[in-house]
Structure formats: structure tokens, C-alpha cells
Amino acid sequence: MKTAISIPTEGAMGKTGTWRVFHPVIDLNKCIKCWRCWIFCPDAAIDRNEHPVIDYDYCKGCGICSNVCPVNAIEMRREEK
Amino acid sequence: MIIVDTANHIAALAAKMAKPHVIAAYPITPQTTIVERLAEYVEKGELNAEYIRVESEHSAMAACIAAAATGARTFTATSSHGLLLMHEMLHWAGLARLPVVMVNVNRAIGPGWNIWSDLNDSLAQRDTGWIQFYASSNQEVFDSVIQAYKIAENEEILLPAMVSYDGFILSHTSMPVEVPEQSKIDEFLPDFKPGWILDVENPITHGNIVPPEPYMEIRYSMQKAMEKAKKVIEEIGEEYGKKFGREYGLVEEYRCEDADYVIVAMAAMAAEAKVAVDELRQKGEKVGLLKLRTFRPFPHERLKHDKMIVIDRDICPGLGGIVYNEIKGNGSEIYGFIAGLGGVDVSYKDIERMYELAKEGKEGWYPTEVK
Amino acid sequence: MVPNGGEIMAIKDLPMDEYILKGHAACPGCPATIALRITLKALGKKTILIVPACCSAVIQALHPHTAFNVPTLNIAFEASAAAASGVAAALKMLEKKDVLPVVWAGDGGSYDIGLQALSGALERGTDFIYICYNNQMYSNTGIQRSGATPYGAWTTTTWTGKKERQKELAEIVMAHHIPYVATATIAYPEDLYEKMKKAKEMKGPRYIEILSPCPPGWRFDMSKTVEMSKLAVETGAWVLYEVINGELKFTGYSKRILEGKERKPIEEWLKMQGRFRHLKPEDIEKIKQQLDEKWQHYKKIYGGKE
């Protein structure tokens, strides 16, 4: 039997990082670990390690993390190519 | 045990004996007495089931689909406009391969409001992926509901199934029915084993965006299951016969062996046609009856007589009789009659007359065009 | 509501659990996925999601894969609440008592086409949570007017701006006398999380509506989703409250407004959105008037209680 059953998979839509025009860069010297970037990331692409780590494979570059950062520790930079 | 009761009460009893976990239902004439009776069974504690009193038939089918996807055996019943409102969800149940079982009491479609028998409601659902049975007596109603569960839930089939019969002619008419012991039904009908299930330990998603190629594979799988259902319906019908003494198949042939003409009919019309065949045989006419029990899957291979007279209590506007058009390539002479729409009475005498007309090479709307 | 002995939960304390996997198909800056991430952090693994036609049906991404890591049943547009009744009934019969059916539907599927099924499921006491993530339009089909679209808003079916006011679905829901009704928005994740947790602990029908500002639909920069959500509350365009067994309490910034804090001018919210760019001064006056009426109504409720 074949029906529309789908299995949970990371990257179900592929490496969505390729959608990006700008990418976020975190200045860890400024980061106060409030984790606002983590909770507000629509793509779950900010991991909680010692400090926030952006998963560029999946970050779509929306810039919410930069916008919600209370200490302006996240800068959006244009992708190189 | 012999019980004398209406087809609706018999259908409710059969559903109860199949032990569904979830019933979702909404009233509509002439089906209502089925869901009334089931509510009574549940409230009196005679049936351990969740009964969802939904606010529409669309929701009834949605609830059955979702319950089946959660692993439950389900039942609902409807009629006419209720079935038409369900149409979207009938496709959903079919494509999701969820073996919901439903009774549809055939009733004409409005406007104007007409509560009498007419097969257009269920025949209009022919492309939804539901197995369709048509019953000609209250006994067949009982036996078909029980078999419908076993066929629909067969691991090679996993398709929803509908048992239809005529409003009032059967639904509100009492007939004697032999009802087996519950223990025998339990032996015949194993527990429901779903093909897939919503399970927090194995969190699958069902029904997200499906690209064209896998979509076509899903359709193909459904078609293969429908084709396989022909064999399974006959096997389970035979098994039922061995256990309960009444055997079933895709069609029922009556006095067809040496027949020059074979009348093709469904549901209550077929019961009337049986009387007509006996009458005609007494007059020396070589005529038989081929009663179509399953409309989906359609048993073309069992409808290969040379001369057939098809009586449709339905109409596909712009084309003609629905059953007639299904089989018109199957023999050399096929005569089609449209009769009995909206509950117009069709007696065995009318059927005898249609036979005479067919012998004269006539066909059409009876008695509107030919009589 | 204030759990843990009066401490409001901080963002850092929200669970690490993720049920929305990376690499889903949502637009960049999507509010619905932020809301769903937080929602599932609160509801946890033993959740069955029921999703009608809406953006979230697409966000799951393509078969045979899915980005949702809880069991998810996609169902027809108008049928999600009825499906929840079916799931709830089956769970009860099969004795899976710790599993919670949760509808996750957009405003089109809740305010409009699914309203009948929603009302039916609420009235018959289905044991489930219905969540409407409200982006004030049919965004999945490309920005059409819904019953939740506010007065004046441009959509592709209201080219000169919507001429009618939106309805208040949460208030219609309240008329069903259910145990829990709440509104939330993504700018306040702690508030959203706490409301979900509270709903989870209750029985019967529970309804939570989440304002979800949609960058492509509302015409604003995708980095400003959270800002837009916050400003909606601060200007009073969106109101935060919860209703427990009929008792209404305003929460967060909305409560502060009722206690006397001034609402920020609505123009601040409107001017950030391309969908309101065409508004004339008289349209803005009308919006202000509607907003004043709405807050007068809330003040009456609030004043009457204390």
C-alpha cells in the first residue's frame, strides 16, 4: 500500500540555507546569552550550545535574530556569491 | 435467531455486532433510525463505543477518517444530501486508505425535496475509491455490513466500504432476518489492524504536499487494491457462506443458465426483477436476472451476456443510465431503461413490460418515453 | 499566569526540545513556525497535530519527508475540528489517555470555512486544543481577504482596501462556554508558552489564538516579524487576554493599557505595513474610532470586574 505518509527528516525541503541573501554573524563578545535569537528563529537554525551557534545549512537569512538582539550583537552581511 | 425488523434497525444491529470504536453521525431521512438506534445501544451500555454527535455529515466523515487514522474501527450512516455533503471527505478516506464503513440509504436528490428511493446519491460517489455494495433485502443488509468490515480492513485492500439500499422500500420495511450469535461474528471478524496510524512513538505525517510522481503511485496503489478487492469480496463472501449459510459474490445470477435475455438490476429493483423473471419463465420466456451486488469494484467479467436489459434507478444527465453505460460494450444487444427515479413505483409487471419492449427493440425512459 | 512560585518564565528557561525540524518550507521570517516551535515546546511529544489546508500544510515540506516531528494529520480545509473529535474519541476508546489532539489552523480555516466544525467541536465538548494562528488573510493561496482581515487592509481580493471590520473569533468561541480561551502573539514567547501549558493541563475544548504577522502578506521586511507582533499589542491592535471558565483576565501589555498606560499611536503599526499604504487620513480616523470603541468595550469588562 502506498499512501501520503511522510517521515520526519531534517532538511525535508533540502538545505534551505541556499535561500539566503544575507547571513547573520554573531559577535560573541557582545552576546549576553539572552537566547532571544534562538527562540525567535523561525527555522530553528540557531543551536543552543555554550553560546548561540547559527546553522548556516538551514538559516534562511530572514534577519529576525539581528532584529531581536537587545545588544546588537548580530550583524547581517550580504552573501559573497 | 430470526429477527423481524426494518433494514435500518438491522443495519444498526449489524454495525453494533461489528463492534466499532467510534460512530460519528448526523440525522437525515430516511437513514435517521439507524443512528437513533445506535445512540440507544451506546447510551444503554449495549455497545461500548464513542458516539460523536457531529454538526454535519461532512464532519461525520472527517471524524470517522481521523478516528480510523488513530486506529479505531468506525461507522457512520447517511443518505442523499448528506452523502453529497461528504463527497470531499469520501475521497479523503479513499486516498488515505482508511477502511471506514458506512451505510447509505438511497434517496433522491433535490430540489424539490424528495425522500424516496433513487440510486443517484451513491452512484455519484463512484470515483471516490469506496467499495460499494447494494443490498436487495434486509438479510443482505445485515450480511453485507459484517462482510464490508472484513473486506475493507483486509490488509491487501484497506479501502472504505459503503453498503447502500433503497429508502423506505427497505429502510422502513420489516422483513425476517437471521442474525448469527455474537461469538460467531467475532470469530469471522478479526480486530482492526490499521495500515498506518497516528502514533506519538512513531510520529509520521499523513497528507502533506505530494509531488506528481508519488501522487500517481498513490493512485496506482489504490487502483490495484480495488482490482484485488474483486477476489477478496468473492473469497470473503464464500467464507461467510460456509460459516453462516448464505454465500455472496460480486453478482448474483438467477436463472441465467439458458437465458436468451438477462435483466441487470441492483438493490430493491433486483428483488422485484426476480419476481418478474419467475413470471416470465412461467410464460415460457428464457430470461434470467443478473443482480449487481458490487458497483465498485465493477465486475465487468461477470457481465458478459449477449443480450442484456439494464434497468437504472439513476440518471447521468447528458449520457443516460449509469449502469447501462458501464456495461453497454459487454454484449451484442444491450437495452437500457430509466425507471423509478424519485421513488416512482416499479413493480414486477413493469419489469415484465420492459422485457417485452426490449424484445421489440425498444428502450428509454419508462414510462415517460416507452410504456 | 505565574507558575513556579510567582516567577515569570524567562526565554532561557523554555525547553530545548524541538519538534519543528530544520529545513522546512516556510518563508523566511515566518511567524507561524515561530509560534509552532514555542507551542510544541509547551505541549511536548504526546501531541497529535491536525492541520487543515493552510501555510503549515506546506511548511511540513514535501512527501516522503516532513519537518514536523509529532504525528500530524492533514485534513480538508473545513474539517479540522471535526477530525479532532474523531482523534479524541479514538484515543479514549483505545485508552491512550495521555495523548492530546491539537488543531493547528490558520484564520481562513478557523474564521471562515472551518467555523461550523469548530463550533460543533466546542459545543460537544471535544477534549482538545484548537489553535488558530491568525495572519489576518489567506496567505497560503497568495494573500486574499478573510473574515480576520482588518478594515482597510489591501489583499489580492480587496485591491482598494477591505471595507468591513474583522470579526472577533475568540469572542464567538467564548459564547460556547468552554474552559479556556486565550489570545497570544509571538513577540511574547513566555506568555504564549505559559498559556499553552495552562491549556494542556485542562480538559475539554480549549482555544488559543495567536496573532502571526506575515511579512509577504502584510508587506513588511522579513526581519521585523517580532517587532510587528509587539507593536500590534502596544498600539492596541491586538489584545492579550485569557478566559478561564468564563472569567476574563487581560494579560501582559494589554493589561497595562487597561491600567492606564497609553496605547502607542496606531499609525506606528499601520505605516510599517505595505498593506495599509493606500489609506487616506479619513480611513485612519475610522480605524482609530473602531479601536477606541473596542477598548471602551474592554474597559467596561475590566472595570466591571475589579
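**A quick tour**

Guide: Before you start, this is a predicted model. In chain A, buried residues make up 43% of the 81 residues.

Visitor: Ok, and how many helices and strands does chain A have?
Guide: Chain A has two helices and five strands. Going from the N terminus, the order is β-β-α-β-β-α-β.

Visitor: Is chain A a compact globule or more spread out?
Guide: More spread out, because its radius of gyration is 15 Å, well over the 12 Å that the globule rule gives for 81 residues. The C-alpha atoms fill a box of roughly 55 × 30 × 20 Å along the principal axes.

Visitor: Switching to chain C: at what angle do H4 and H6 cross?
Guide: The axes of H4(C), residues 80–93, and H6(C), residues 115–123, cross at roughly 35 degrees and come within 7 Å.

Visitor: Which residues meet there?
Guide: From H4(C) you get Ser80(C), Ala81(C), Ala82(C), Ala84(C) and Ser85(C), and they meet Ala117(C), Leu118(C), Gly120(C) and Ala121(C) of H6(C). That contact divides into six nonpolar, three polar and no charged residues.

Visitor: Now chain B. What are the domains?
Guide: The domain assignment gives domain 1 (2–244) and domain 2 (251–365). Their centres, over C-alpha atoms, are 27 Å apart.

Visitor: How many residues are in contact between them?
Guide: In chain B, 28 residues of domain 1 are in contact with 20 residues of domain 2.

Visitor: Which element gives the largest share of the domain 1 side?
Guide: H8(B), with five residues. The domain 1 side that touches domain 2 in chain B has 15 nonpolar, eight polar and five charged residues.

Notes:
Residues numbered from 1 in each chain as written. Chains lettered and ligands numbered in written order. Predicted model: local features only at pLDDT ≥ 70, side-chain atom pairs only at ≥ 80, totals over all residues. Helix = DSSP H or I, 4+ residues; strand = E, 2+ residues; numbered from the N terminus. Rg over C-alpha atoms; globule rule 2.2 N^0.38 Å. Buried ≥ 20, exposed ≤ 12 C-beta atoms within 10 Å, placed from the backbone. Axes fitted to C-alpha atoms, helices over the stretch in contact; angles between N-to-C directions. Contact = placed C-beta atoms within 7 Å. Nonpolar A, V, L, I, M, F, W, Y, C, P; charged D, E, K, R; others polar. Domains from an automatic or database assignment.
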